Every structure is written in structure tokens, then in C-alpha cells.
Amino acid sequence: MVKIGGGDAAGLTPRQLNRIVKAIEEDLELLEDFNRRVDRLERSGFSKRYEAEIPNVIAKMEDVSFERGEGPRFSFVARIHSWIENFSQDEIDAFILSYRIFSQRNDRLSIASLAVIYDKEWMPPSARECFEDARNQLNDYLDNPATVTFPDGYMLLRTLVDIIIYGGLAHSNKQKAKIFESWENSGFMGFMWADFMAYAKEAVETLKYMRGLNQAVLKALNTDGLRIEAVVDTSA
């Protein structure tokens with residue numbers, strides 16, 4: 001049980017104090033469940049293989065035709081086929097099965113749900129700041145442009161990841177599934193997968209960092225407890 005001091009000085013009744021303790025313990029249980037889920041993700045074949053390894057993209061051009069321009073300039077037209085060396089669809093599918101929990105806002109163990117806990121008054125300010133920095137850094141990464149650009153401009157990694165997960169792997173969105181299918185037929189899918197894998201590696205590192213923050217918060221509360229400095233409104 002979490003130790004809370006200062007309840008009498010804050011004018012709390014034993015019933016109010018017990019209610020606060022129960023709410024905090026439910027939050028701590030979620031932190032523990034989140035950590036166990038990150039452990040599971042870290043043990044996946046994908047996470048183990050690409051912890052130190054970088055995906056190698058292989059590209060092959062067929063039916064190449066060249067057209068000479070002015071001076072040393074020339075242009076060419078070709079059919080391109082690209083793929084990831086030693087690509088494992090099973091590893092990707094297993095990874096996504098675990099990862100989707102963290103990315104879906106309505107899931108109990110999502111990063112968004114974790115953010116709600118880190119925004120509560122009892123959370124140490126330093127832990128809250130570290131969590132927000134890690135979350136913002138991952139979001140900033142998703143706002144970078146993808147490797148492959150299109151005639152009408154670049155595509156954000158956020159869009160690429162969303163289409164691969166919900167159009168290619170989960171098949172939960174028909175429009176995104178059609179886009180994913182067009183990517184597979186384009187010959188550039190190897191580059192798409194490389195971008196996705198780079199993001200997946202970044203996401204795993206962020207989740208592991210959040211796991212470490214959770215562990216620190218759990219240890220601090222179990223060891224030192226909390227102290228109430230003011231009356232807490234429990235009517236909401």
C-alpha cells in the first residue's frame with residue numbers, strides 16, 4: 001500500500017484518504033502493466049534483430065532506357081523493385097500486434113493513457129517533465145519527411161506508419177489498404193519498409209525509456225510514499 005503523509009493536517013478523513021490511496025494504486029498498477037507489455041515487445045524477434053542491426057535495402061532496376069541531354073546530363077526510365085534483405089513478415093506482424101496497444105489512444109496501456117497519469121498532481125514534476133520530453137521527441141520524429149517523395153511533395157513518416165499499420169498489416173481501413181497495395185506494386189516498398197523499421201526502432205527505445213521512468217516512480221512511491229500539502233478535492 002502507498003504511504004501518504006499529511007492527511008490529518010490537510011483535513012482529510014480516513015475515508016477520503018483511502019479513496020486517494022486506492023486511486024493512486026490503480027495508476028501504479030497500470031504503470032506495472034505497461035512495463036510488462038514493453039518487456040514483451042522487447043522480447044519480440046523484430047526488436048531483438050534490429051536492436052543493433054540496420055535494415056539493408058536492395059534495389060534492382062529493369063528495362064532501363066537512357067536519354068542524353070545537354071552536355072553531361074542524361075535521364076533514364078526504369079522499373080524499380082526494392083526489398084529488405086532477410087525480411088520477415090512474421091516478425092513484423094508479431095511486432096505490430098504488441099505495438100498497436102501503445103499507439104491506440106483508447107487503449108488502457110497506450111502512451112496517451114500513460115500521459116494522463118503523468119499529468120496528475122501526485123506525479124513528481126521531474127518525472128512528468130522527462131515523460132513529456134520523450135513523448136514530444138517521438139512525435140517530432142513522426143513529423144519528419146519520409147525517404148520517398150512524390151511529385152506533389154513529401155509525405156510525413158506519421159502518414160507512412162499509419163498506412164502500413166492500418167492499411168497493410170491490420171487491414172482495418174479500406175482506403176489505406178488501397179494505398180498500401182499501390183505502394184507494394186510501385187517497386188519502392190523496400191524503402192517504405194526501411195522508413196517504417198527505423199521508426200519502429202525509435203519507438204521501442206522510447207517505450208523502454210518510459211518503462212525506466214515508470215520503474216523509478218514505482219520505486220520512489222513504494223519507498224518514500226507521498227505527502228499531501230493541501231486539501232484534495234475528491235468530489236470530481
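A search of the whole structure, which is a predicted model, finds 10 salt bridges. A salt bridge is counted where a side-chain nitrogen of Lys or Arg lies within 4 Å of a carboxyl oxygen of Asp or Glu. Residues are numbered from 1 along each chain as its sequence is written, and side-chain values use heavy atoms, with hydrogens and water left out. Because the model is predicted, local features need pLDDT of at least 70 and side-chain atom pairs count only at pLDDT 80 or more, while totals for chains, interfaces and linings use all residues.

Asp33 takes part in two of the pairs described here. With Arg36, the side chain of Asp33 forms a salt bridge at 2.2 Å, N to O. Both residues belong to helix H1 (residues 14-42), and because they are three residues apart they are separated by about one helical turn. Helices (H or I, at least four residues) and strands (E, at least two) are DSSP runs, numbered from the N terminus. Asp33 also forms a salt bridge with Arg108, where the closest N and O atoms are 2.8 Å apart. Asp33 lies in helix H1 and Arg108 in the loop between helix H3 (89-103) and helix H4 (111-118), so this pair ties together parts that are 75 residues apart in sequence. Asp33 counts as buried, at 15% relative accessibility, whereas Arg108 counts as partly exposed at 41%. Here buried means under 20% relative accessible area, exposed over 50%, and partly exposed in between (1.4 Å probe, protein chains only).

Another salt bridge joins Lys176 and Asp162, with 2.5 Å between the closest N and O atoms. Lys176 lies in helix H7 (residues 174-186) and Asp162 in helix H6 (residues 157-169), so the pair ties together parts that are 14 residues apart in sequence. Both partners count as partly exposed, Lys176 at 23% relative accessibility and Asp162 at 26%.

Salt bridges also link Asp39, Glu42, Glu205, Lys208 and Arg211 in a network. Asp39 is found in helix H1 and counts as partly exposed, at 28% relative accessibility. From C-alpha to C-alpha, Asp39 and Lys208 are 8.3 Å apart in space, although 169 residues separate them in sequence.

The chain as a whole has eight helices and four strands. From the N terminus on, these elements run β-α-α-β-β-α-α-α-α-α-α-β. Of the 236 residues in the chain, 38% are buried. The chain exposes about 14200 Å², and carbon and sulfur atoms supply 50% of this area. Accessible areas come from the Shrake-Rupley method with a 1.4 Å probe; for residues, only the protein chains shown count as cover. Among contacts between residues at least 6 apart in sequence, 67% join residues at least 24 apart, a contact being heavy atoms within 4.5 Å.

Seven of the eight residues of H4 are buried, so this helix is largely enclosed by the rest of the structure. The buried residues of H4 are Ile111, Ala112, Ser113, Leu114, Ala115, Ile117 and Tyr118. Ala194, in helix H8 (residues 189-224), also counts as buried, at 18% relative accessibility. Leaving aside neighbours within four places in sequence, Ala194 is in contact with Val57 and Ile84. The C-alpha atoms of Ala194 and Trp83 are 8.8 Å apart in space, while the two residues are 111 residues apart in sequence.

The second largest pocket has a volume of about 400 Å³. On a 1 Å grid over the protein atoms alone, a pocket is an open set of points where a 1.4 Å probe fits, with protein on both sides within 12 Å along at least five of seven lines; lining residues have an atom within 4 Å of a point. Grid points are joined across faces, edges and corners, and the volume is the space filled by probe spheres set on the points. The lining of this pocket consists of 18 residues, of which Tyr99, Ser103, Leu142, Arg158 and Tyr199 lie nearest its centre. The elements that give two or more residues to this lining are H3, H4, helix H5 (125-142) and H6. H6 gives the most, with five residues. By class, the lining has 10 nonpolar, four polar and four charged residues. Ala, Val, Leu, Ile, Met, Phe, Trp, Tyr, Cys and Pro count as nonpolar, Asp, Glu, Lys and Arg as charged, and the others, Gly among them, as polar.
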